[in-house]
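Please look over the following model together with its sequence before reading the notes below.

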Amino acid sequence: MKTYSGTRVFEGYALGKIAVYSAKKVEKTAGKGKEKEFARFEKAREETVSALEQSFLETLAKLGEKEAQLFETHKLMAQDLDFEDAVKGELENDVSAEYAVMAAGDNLAMIFAQMDDEYMKARVNDVKEVASRIVSFLGEEEGGFVLKEPSIILCDDLPSSELMKLDKEMILGIVFAKGSPNSHVSILTRMMEIPSLCGIEGLEVTPSLQGSFAILDASKGDFIVSPESKTVTAYSKKKDEYEKNKAKLQAYKGKPTLTKDGKSVQIYNNIASSFEVENALRNDAEGIGLFRSEFIYLEAKDYPSEEEQFEHYKRVVEAMGEKQVIIRTLDIGADKKIDYFDLPEEENPALGFRSIRICKARPEIFAAQLQALYRASAYGNLAVMVPMIISESEIKWIHEMAKLARENLAARKLPFNKDMKIGIMVETPAAAIMSDVFAKRVDFFSIGTNDLSQYTLAIDRVNPNLASSFNPHHRAICRLIKLATENAHAAGIPIGICGELARDEKLLPFFLKIGVDELSVSPAYTLSLRAQIATIDTKDVDVDSFIS
Ligand code: PEP
Ligand code: MG
């Protein structure tokens, strides 16, 4: 038995045999004559094109044009006449169509790799993927990658086209030994709700693993190969419970979130990438309460342009339709470092140069982000919030920057919502204590309990040695939450909670009793939180027991 750990792509459990996928290695073999081989190539290409057209339509319907575009690009590559000529050239050597296609693909990829144009360089993998896709249709008689029984697919990476071709009923789970959670195939995996992990440390994908029994715990991030029988028994139980629970929770889809005594509250979701909006929708979130926009910066090699950011924000806003989307402006520094920002080394990074402080020092970065956000506001119900606020002067500066962003877009004749709501995070004791004043200057509050706890208790949230002292139920924190909620309501603005405490079972009755308007949690917790809220009668809640 060996346990590996990796990064979650989509949660859930799978128990079953491993099916190893490795990109097909094509040997140089003789063909049955160039005409016959060319005819085989043409037929396989036709099948490839029609499969890509299906994938295009399916992805377009589920994820939108930007995601679907990849399939259109692949289709054009498969139909490209230069590619066809290259295949013909290879066939002159009396090789098989499989070999000719792979060799033509490799040669084109090499040419692309040497080009100065970044766009063409990025097409290297696409050309290779198109070539393997055609080869997989050529190989069908001899058996391409098919699953003969329900299996956990183990691969270094899997072309998305290959995934689309498989019978979904046969896929128990997927383990991408390499890959990233934001790759195209990962997005598709989430869309198909297949338990999956990627980036597995120390796992080598070898044919010897074919047929071995394995357990995939994608909720925790574990992949267990050749487990002991008692582990299998324990995991079958876990899986059953998980499935039963999940099925039960479906009853809460499409229902309003109400306490037992009929008080209404909204459940929003926290997301870190525009692709995760699918999860929020699938789990019936009533809005997005925190889109951590810094992940766009973290994944980029250089400052993302206004245009790039706009695409991400628009995607989320459009997908959510009338539902509110709260995007948080850049929050880097402290435990989130980005090389190209060239941030100074600091003695106390959590108390140092982060979030709004960086934006104030580098207003061009904040300006580009605000312009992108205002542009996206024309496509749905977008609100923006700014983290780490401690003073009125910061709020004043944000409003000035927002005005400049509006003027910039008006001059460029671009559409935007001039009334887009601007809120702040209450995640410093200063913001909570001054919340009566701040509430009159902004449209909404959202409490970041992760930082509010760290700064109130003066305990580093990422220091493992202090984890046991990090008591998020501390009455000081509850008092600040209550104070901010009362001040928000006195000023007539809504208040949400987007830190991890938003799904804290113990504090939930307290949040509901004091009238927090919205709780924002990871998509996977939406329905269970709704179910839990339905069991709470706020008439029975004693607020004093949480604060004194
Ligand atoms: C928080 O501080 O509670 C919060 C939601 O923000 P982050 O965890 O991203 O700092
Ligand atoms: Mg925070």
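The briefing below covers the ligand site, a strand of the sheet and a loop residue.

This is a predicted model, in which local features need pLDDT of at least 70 and side-chain atom pairs count only at pLDDT 80 or more, while totals for chains, interfaces and linings use all residues. Residues are numbered from 1 along each chain as its sequence is written, chains are lettered from A and ligands numbered from 1 in the order in which they are written, and side-chain values use heavy atoms, with hydrogens and water left out.

**Ligand 1 and its shell**

- Ligand 1 is surrounded by 15 residues (a residue is near a molecule if one of its heavy atoms lies within 4 Å of it), and the closest are Arg292, Arg328, Gly448, Asn450 and Arg461.
- By class, the shell around ligand 1 holds three nonpolar, four polar and eight charged residues, where Ala, Val, Leu, Ile, Met, Phe, Trp, Tyr, Cys and Pro count as nonpolar, Asp, Glu, Lys and Arg as charged, and the others, Gly among them, as polar.
- Strand 10 (287-292) and helix 18 (449-457) each supply at least two residues of this shell, and helix 18 gives the largest share, three residues; helices (H or I, at least four residues) and strands (E, at least two) are DSSP runs, numbered from the N terminus.
- Oxygen atoms of ligand 1 lie 2.8 Å from a polar side-chain atom of Arg328, 3.0 Å from a polar side-chain atom of Glu427 and 2.7 Å from a polar backbone atom of Asn450.
- Taken alone, ligand 1 exposes 290 Å², of which the protein buries 98%, with areas from the Shrake-Rupley method and a 1.4 Å probe.

**Strand 12 and its neighbours**

- Strand 12 (residues 381-386) is largely enclosed by the rest of the structure, because five of its six residues are buried (under 20% relative accessible area, 1.4 Å probe, protein chains only).
- Strand 11 (residues 324-328) pairs with strand 12 in the parallel sense over five bridges, pairing being assigned if DSSP finds at least two bridges between two strands, and Gln324 stands opposite Asn381 in strand 12.
- Strand 13 (residues 421-426) also pairs with strand 12 in the parallel sense, over four bridges, and Val384 stands opposite Ile422 in strand 13.

**Asp284**

- Asp284 lies in the loop between helix 10 (277-282) and strand 10, and Asp284 is buried, with a relative accessible area of 16%.
- The side chain of Asp284 makes a polar contact with the side chain of Arg530 (2.8 Å), a polar contact within protein being a pair of N or O atoms within 3.5 Å, of which one must be able to donate a hydrogen and the other to accept it, and residues adjacent in sequence count only if both atoms are side-chain atoms.

Conventions. Buried means under 20% relative accessible area, exposed over 50%, partly exposed in between (1.4 Å probe, protein chains only).
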